[in-house]
Amino acid sequence: MLFQKRFGKSLAYIALSVMSATCIVPFIWMLSTSLKSQKELFKFPPVWIPETFQWHNYSDAWHAGGLNFSLMFYNTMIIAIPVTVFTILCSSLAAYAFARVEFIGRDFIFTMLLASIMVPPVVSLIPQFIMFREFGWLDSFKPLIVPGLFGNAFAIFLLRQFFHTIPKELEDAAMMDGCTRFRIWLQMFLPLSKPAIATLSIFTFQFIYNDFIGPLIYINSMDKFTVQLGLASFRGTYLTRYDLLMAASVFTIMPVIILFLFAQRYFVQGITTSGLKG
Amino acid sequence: MRNLNPLINIPIFMNSWSKLMGRKRVRDNIVGYSFIFPALFGFLTFILLPVVASFVIGFLKWDLLTAPEWAGIDNYINLFKDEVFLISFKNTVLWVVYYVPASIALSLILALAMNLPLRGIAFFRALIYIPVISPLLAVALLFVWLYNGDFGLINLMLSKIGIAPVEWLTDEQLALPSIALMAIWKNAGWNMLIFLAALQGIPQHLYESAELDGATNWRRFWNITFPLLSPATFFIVVISIIGAFQVFGEIYIMTSGGPGYSTHTLSYYLWSSAFQYNKMGYAGAISMIMFLLILIVTLIQNRIFGRRVQYDL
């Protein structure tokens, strides 16, 4: 029995190791490639640890082909930060109203919003492009920021589920003392839903940071490139310089990995309690 | 007595009308609408209005340089005569077939493994999430390198065990499945997260009583875990299919629709019609067809599986 249990356990660890190795080995190859000399790139059998680490690949990639990754990181933040903050504010405000305030047509509007999750983004792409073109917003950050400032159905749904778990008595007591709905949202619901808000902020930030289709469609000038667009254009100019390409990939992945490691513990917690478990 | 006005019998109106009276009600309406105003405004301006506009644009001939002309259903007729569109359609369906079942099966297996009560499990979970959180662009570029015909790691490894190099992305037959393989690998952790959350919501006492009754692991999986996962599974299937029908980024980065038209998908063809050839009406028509396709598939799923989903014990 004991033997069986131990055997089962080791088997489980082997399976887990194989699974996580499959996830991680390509990234190790990325890291290894990024530190190779050009000669080592095409060596057979493959080299995993370069003879000398070519750290200069990173600084070369940072400025390669007239690109400037410092500026591109700055541009990305200019887009991602306001979108993340306003997504949380507007979505949670709406979620609070849907969860707690009784107004005419509430359930109808909520159902409609929820159904909009099913609408594929490509359907609105062409009219949005034409609309922003009319506004004269092409080749600016506006088409990438403005639509993200009003909250979105997914976030509203998640936060509403979370708000349902907050006991009503707390709120009733505050209302008796003459507290306004706005203050209840700000000082009670926002602080109480930290895990859900943390999860959503990470999702939103990551979504904006990782997006390259939006910038691809709307941005033309190099000085307005986002990190992802820079990496995409990099590929066009340095098709065979996999050392530089992988170095650039490493530093575009780094911010999301760091963010994830910091916020990891919120992940499953946030999703479980926000009712996505169904 | 039952009210005969049909409107009042609809629950939404029933709730609202009767509660309309009174000062608190008026205030709640004002507060409610002002709280949802930004979200509602965003929804109307950036989703509803564009969807309606897309429908109209589908009937126009418009290159953005000259004034739009009314084209009636010409765009739709031309689409079904357009070989590239038909290939894109076929490839999109193929993509859904390659991607969705494999992706969901893999994430379920991962979730079951990552739910084991073992020491250090959090570490393994963290590693599984890394492909998911990484930007698609960087991951796809990494796979372009891994799939490289002459010097890619995968072919180098294969040659070690005596297998001839495979043209992963340059062979017309292989390119689409190769990209799908990358996407399955990248996204497995995302669905796993949802499965994992659902698994952790299953009450432990069910397993305990099943164990007392002498149920095997396999029976416990089929009779407890699987039925109780059905809401999560349904959610994942619906969302995965909707996403798969719109595949674009992977294709754009890894093959740009080639070789030939072998990796052209509907989204890719829509993008190239609109932004490479300035055929806005044509692209609008493609988007409406995609919308309809996704809507029909979602409704069918809802009809067939929606009722079988077990939400409660």
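This is a predicted model: local features need pLDDT of at least 70, side-chain atom pairs count only at pLDDT 80 or more; totals for chains, interfaces and linings use all residues.
Visitor: How far does helix α9 of chain B reach, then?
Guide: Helix α9 of chain B covers residues 175-200, which is 26 residues. From its first C-alpha to its last, this helix reaches 38 Å, close to the 38 Å expected.

Visitor: Where is the kink in α9(B) centred?
Guide: The kink in α9(B) is centred on B:N187 and amounts to about 40 degrees.

Visitor: Why is α9(B) described as largely enclosed?
Guide: Of the 26 residues of α9(B), 20 are buried, so the rest of the structure largely encloses this helix.

Visitor: New topic: how many residues does each chain give to the contact between A and B?
Guide: Chain B contributes 75 residues and chain A contributes 77 residues.

Visitor: Which helix of chain B gives the most to that side?
Guide: That is helix α3, residues 23-57 of chain B, with 20 residues on the side that touches chain A. By class, this side of chain B has 58 nonpolar, 14 polar and three charged residues.

Visitor: What about packing inside chain B: at what angle do α5 and α14 meet?
Guide: Helix α5 (residues 83-114) and helix α14 (residues 266-275) of chain B pack at an angle of about 145 degrees, and their axes are 8 Å apart.

Visitor: Which residues make that contact?
Guide: From α5(B) they are B:V84, B:F85, B:S88, B:F89 and B:T92, while α14(B) supplies B:L266, B:Y268 and B:Y269. Six residues of this contact are nonpolar, two are polar and none is charged.

Visitor: Take B:F89 from that list. Is this residue buried or exposed?
Guide: B:F89 counts as buried because 21 C-beta neighbours lie inside 10 Å, and the cut-off for buried is 20 or more.

Visitor: How far is B:F89 from B:M290?
Guide: Their C-alpha atoms are separated by 9.3 Å, although the two residues are 201 residues apart along the chain.

Visitor: Now over to chain A. Where is A:L125 found, and is A:L125 buried or exposed?
Guide: A:L125 is found in helix α6 of chain A, residues 121-134. A:L125 is buried, with 23 other C-beta atoms within 10 Å.

Visitor: Last one: what domains does chain B have?
Guide: The domain assignment gives domain 1 (6-57) and domain 2 (74-305). Their centres, taken over C-alpha atoms, are separated by 36 Å.

Conventions
Residues are numbered from 1 along each chain as its sequence is written. Chains are lettered from A and ligands numbered from 1 in the order in which they are written. Two residues are in contact if their C-beta atoms, placed from the backbone, lie within 7 Å. Helices (H or I, at least four residues) and strands (E, at least two) are DSSP runs, numbered from the N terminus. Ala, Val, Leu, Ile, Met, Phe, Trp, Tyr, Cys and Pro count as nonpolar, Asp, Glu, Lys and Arg as charged, and the others, Gly among them, as polar. The expected span of a helix is 1.5 Å times one less than its number of residues. The bend at a residue is the angle between axes fitted to the seven residues ending there and the seven starting there. A residue is buried if 20 or more other C-beta atoms lie within 10 Å of its own, exposed if 12 or fewer, and partly exposed in between; C-beta atoms are placed from the backbone. Axes are lines fitted to C-alpha atoms, for helices over the stretch in contact, and angles run from 0 to 180 degrees between N-to-C directions. Domain bounds come from an automatic or database domain assignment.
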